[in-house]
Amino acid sequence: MAPTICLSPATRSLFNEPLAITVQGLSPRQQVTLRTSLQDETGELFQACARYQAGDDGELDLARCPALPGGSFSGLEPMGLLWALQPQKPFRCMVKRDMQSPFVLQLEVFEGHGEPPGRLLAQAQHERVFLRDGVRRVPVREGRIRATLFLPPGEDTFPGIIDIHGYAGGLFEHRASLLANHGFATLALAYFKYEDLPQDPTELHLEYFEEAVNYMLQHPQVKGPGVGLLGYSKGAELSLAMAAFLKNITAVVSLNGPVANTIIPLCYKDKIIPPLPFNEQKVKVMDSDVIDCSEVLADPFQAPGNQSLIPLEKAEAQLLLIAGQDDRVVKSEYYATKVCKLLQAQGKANFQVLSYPGTGHCIDPPFFPLYPIAKHPVFHKQAVLGGELRAYSAAQVHAWPQIQAFFNKYL
């Protein structure tokens, strides 16, 4: 009998869901190499491979058989072939813009543990989708708002979340689309460098974000009385500022967010929060023009009379601060710990921290590849983000259900 690859679910699964992989019909204790390949929307190829030995019965179940040394990972890692996917060219990030089309995952089984791989024994394809059947994607062009709303199936009302990305500009929908599969009405919000929004803003206005909150609360399928915010990097900092200054914010998840305003002034009504000072002299040049910006920002807790610190003591919302201990862009664990001590000293208890070792600046939903280096939005050079492959993957898998549980509890 020829070897075959058995997958569960068989033909398609959500991108953030586990996939069970088994190879049947091998010879007893046969040595094989498994390889996964995925091409993103820019044509960039991501691959992972692992070496295995079949059991005495000729079956190879990745949930029971450890990967042997020599591949992208080793040890018992049932999802290793997905979380270890890495670009074939350096510094490439996996691009997903069209949420309505799947990524196609190729799986191949090769004979032996050679380099290059031996004879092809079996292959299969599997679709990794971003929207379950019935989830609706609704482009939003209301007033100044430029966004996409993802609604779970059905006519019910759902907890509402606004998802705000970092300082890259444009519209990122991958996190919002995946959250909608779990019962949240999620608005992926652009705030610059998208359609008719400013290309290169010199300041940001909280009124724009307030408009997005009001849009959500007026939507017939969003369950009030408040909304949740999920922000990453600059988006996390904006989410914390919204919680401090705006009404109807019930719960905020900050993914590696500064707790002070950064880069450009933030305005609300007659108040201007200046950006935290940064020192370009502290940029370190690493190998081949990669920079390290981890020491660039001033410490918002040390600068006397600092006006950049977000007044989080004003926030009524519940706060979940998620920090990568190896974040090389923002000292997110230090910020989270320090701001919680300040809140505690003021008698507040509306906060919790999740801190992950070996995890850098980028924290995506599960099974997105690690980006240890990416273009810095201020210095426009490749910069170290931090993170180590296995630890980072474990952090994403752990944090994702925690985020959902937090929003379910408070929304």
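Here is a short chat about the pockets, the cavities and one asparagine of this predicted model.

Student: Let's start with the open spaces. About how much space lies in the largest pocket?

Tutor: Its lining counts 44 residues, and Y167, A168, A374, K375 and P377 are the closest to its centre. The space in this largest pocket comes to about 1,200 Å³.

Student: Which domains does the lining of the largest pocket draw at least three residues from?

Tutor: Start with the elements: α2 (174-180) and β23 (373-375) each supply at least two lining residues. On the level of domains, at least three residues come from each of domain 1 (4-129) and domain 2 (136-410).

Student: And by class, how many charged residues does that lining have?

Tutor: The lining of the largest pocket has 26 nonpolar residues and 10 polar ones. The charged residues there number 8.

Student: Now the second largest pocket. Which element gives the most to its lining?

Tutor: That pocket holds about 200 Å³ of space, and 15 residues line it, with R35, A48, C49, E115 and P117 nearest its centre. Two strands, β4 (31-39) and β5 (45-53), each supply at least two lining residues. The one that gives the most, with 4 residues, is β5.

Student: How many charged residues are in the lining of the largest cavity?

Tutor: The lining splits into 7 nonpolar and 4 polar residues. As for charged residues, there are none.

Student: Let's turn to N16. Is N16 buried or exposed?

Tutor: N16 is in the loop between β2 (12-14) and β3 (20-24). Its relative accessibility is 7%, and the cut-off for this label is under 20%. Therefore N16 counts as buried.

Student: Which residue's side chain makes a polar contact with the side chain of N16?

Tutor: Beyond its neighbours within four places in sequence, N16 is in contact with R128, L178, H182, P366, F367 and W400. The side-chain polar contact, at 3.3 Å, is with H182.

Student: How far apart are the C-alpha atoms of N16 and Q396?

Tutor: Along the chain, N16 and Q396 are 380 residues apart.

Definitions and conventions. Residues numbered from 1 in each chain as written. Predicted model: local features only at pLDDT ≥ 70, side-chain atom pairs only at ≥ 80, totals over all residues. Heavy atoms only, no water. Buried < 20%, exposed > 50% of the residue type's maximum accessible area, 1.4 Å probe, protein only. Contact = heavy atoms within 4.5 Å. Polar contact = N/O pair within 3.5 Å; in protein donor to acceptor, adjacent residues only side chain to side chain. Nonpolar A, V, L, I, M, F, W, Y, C, P; charged D, E, K, R; others polar. 1 Å grid on protein atoms, 1.4 Å probe; cavity = no way out; pocket = protein on both sides within 12 Å on 5 of 7 lines; lining within 4 Å. Points joined across faces, edges and corners; volume = space filled by probe spheres on them. Domains from an automatic or database assignment.
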